[in-house]
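Subject: Handover of a structure model

Dear colleague,

Please find below the structure that I am handing over to you. I would be grateful if you could read the notes after it alongside the coordinates.

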Amino acid sequence: MNTYWNKPAETMEREEMSNLQAGRLREIVTRLYRQQPFYRSKMQEQGLLPEDIVTLEDIKNLPFISKQDMRDNYPYGLFAAPMSEIVRVHASSGTTGRPTVVGYTKRDIGIWSEVAARSLVAAGLSKQSCIQIAYGYGLFTGGLGIHYGAELLGASVIPISSGNTNRQIMLMKDFGTTALACTPSYALYIAETMQEMGIDPRETGLRTGIFGAEPWTERMRQAIESQLGIKAMDIYGLSEIIGPGVAIECSVQNGLHISEDHFYPEIINPVTGEVLPDGEKGELVLTTLTKEGMPMIRYRTRDLSVLHREKCACGRTLVRMSKVLGRSDDMLIIRGVNVFPSQVENVLLGIGNTSPHYQLIVERKGNLDHLTVLVELTEEMFTDEVRGLEELEAKIKGELSSVLSVSATVRLVGPKTIERSEGKAKRVIDKREL
Ligand SMILES: [Zn+2]
């Protein structure tokens, strides 16, 4: 039997959903035009009035918002509610420049909890679940976002936050954890540590993983599922839109249902900005339809995905986005060729004998870009003879150059030599001064 957290919203007929979305869009555009100086001037630049936005189609006339707009308006310039109504502030550190800051009203926190609870139920959790939240708590939205959703659902919450992996494992065993929430790379690190400690994950109560906050491939999923003996579910979200819970995989594991009564998705060509039809790959753009503290109109997520509207076997009518296929700003341009870390991950996990830990190092020698891929070996392979390793290296090099259309140096490194991350993994080291 299919279970839902909010059946009317999750199984709404398309026409009713479109009407709801269009009504909410008109409301939010009107409110922002009247009350938010940044949005008003953006619309005025385009010669747009709130009355010009009537149908969902009209959204394409509205300008995009980017991370740069958030930095330019640091810290509170995009807020649309007075500070007396803001009950929570989160921020993402960002590796360069100012952090991006987001604010929530009480109602926003309620909506966030609602979509997070929907997500956990779609991923198979219930009141009976015991969820260990190993996402970071604090300014990062991962920890608190899942936390509020899990409490609303009525699950038992273990708010352990990230780090201290041995303790994570000890509590997982002792407290009877049934679900783990963290980044996929940290899940692998936990699996590896369990192995070192001689603990079989299958002998614990762990059944489900709620993994997100970084792009991961289908093969990475298979690796995690087989190592931990669980079902690994992809959750999508970003602080600019609300946090984790924007979209979630259902038991079918074929795309993530977007809570589109709150977040309106579009896919665009990242270069021209043109809206692409369903089924085509491009950059995901999201509009918040109900947020008060900091609404976002057409926020460019930089995440690459595809939208699908065919009926899902789980019964949900909510549009599905494919697993994130990479980030348009993760894309490396090496000698004029576009290279994504996810392509490398896919090749490595397809070959076997290597662990899912890898790193791309880009350098400029003379005027030429040079890509080195560090590939970590599994324990079994490491003890193998030199000949076997040479063959493996050549095989990886060959497959990489055919998939990437650019040659790379492959360096096999010993097990556990690539630095592990308790949060988002660092896949690329770009040493070029561009
Ligand atoms: Zn589904």
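The following paragraphs set out what was found, beginning with the whole chain and ending with individual residues.

Please note that this is a predicted model, and that the values below are computed from it.

Overall architecture

The protein chain contains 12 helices and 20 strands. Its C-alpha atoms occupy a box of roughly 70 × 55 × 40 Å along the principal axes. The radius of gyration is 22 Å, which agrees with the value near 22 Å that a compact globule of 434 residues would have. Of the 434 residues, 56% count as buried. Among contacts with a separation of 6 or more, 65% are between residues 24 or more positions apart.

As for the surface, the protein chain exposes about 18800 Å², and carbon and sulfur atoms supply 49% of that area.

Nonpolar cores

The largest nonpolar core comprises 52 residues, and Tyr-236, Met-296 and Met-321 have the most contacts inside it. Helix 2, residues 14-35, gives the most to this core, with six residues. A second, separate core has 25 residues, including Ile-160, Tyr-186, Leu-188 and Leu-206.

Leaving aside residues up to four places away in sequence, Met-296 touches Tyr-39, Ile-65, Met-70, Leu-78, Glu-240, Ile-241, Leu-286, Thr-287 and Thr-288.

Backbone geometry

The peptide bond that joins Tyr-74 and Pro-75 is cis, with omega at about -10°. Pro-75 is located in the loop between helix 4 (67-72) and strand 1 (86-92).

Ser-405 is not a glycine, yet it has a positive phi of about 60°. This residue lies in the loop between helix 12 (386-404) and strand 19 (408-413). Is Ser-405 buried or exposed? Its relative accessible area is 55%, and because the cut-off for exposed is over 50%, Ser-405 is exposed.

Lys-416, likewise a residue other than glycine, has a positive phi near 60°. Its place is the loop between strand 19 and strand 20 (428-430). With a relative accessibility of 35%, Lys-416 counts as partly exposed.

Arg-88 belongs to strand 1. Its relative accessibility is 15%; the limit for buried is under 20%, so Arg-88 counts as buried. Apart from residues up to four places away in sequence, Arg-88 touches Val-102, Gly-103, Tyr-104, Ile-109, Trp-112, Leu-144 and Tyr-148. For one of these, Ile-109, the separation from Arg-88 is 21 residues in sequence and 8.2 Å in space, C-alpha to C-alpha.

Ser-129 is situated in the loop between helix 5 (106-122) and strand 3 (130-133). At 8% relative accessibility, Ser-129 counts as buried. Once residues up to four places away in sequence are set aside, Ser-129 touches Ala-155, Ser-156 and Thr-178.

Yours sincerely

Methods: Residues are numbered from 1 along each chain as its sequence is written. This is a predicted model: local features need pLDDT of at least 70, side-chain atom pairs count only at pLDDT 80 or more; totals for chains, interfaces and linings use all residues. Side-chain values use heavy atoms; hydrogens and water are left out. Helices (H or I, at least four residues) and strands (E, at least two) are DSSP runs, numbered from the N terminus. The radius of gyration is taken over C-alpha atoms; the globule rule is 2.2 Å times the number of residues to the power 0.38. Buried means under 20% relative accessible area, exposed over 50%, partly exposed in between (1.4 Å probe, protein chains only). Contact means heavy atoms within 4.5 Å. Accessible areas come from the Shrake-Rupley method with a 1.4 Å probe; for residues, only the protein chains shown count as cover. A nonpolar core is a set of buried Ala, Val, Leu, Ile, Met, Phe, Trp, Tyr and Cys residues joined through side-chain atoms within 4.5 Å.
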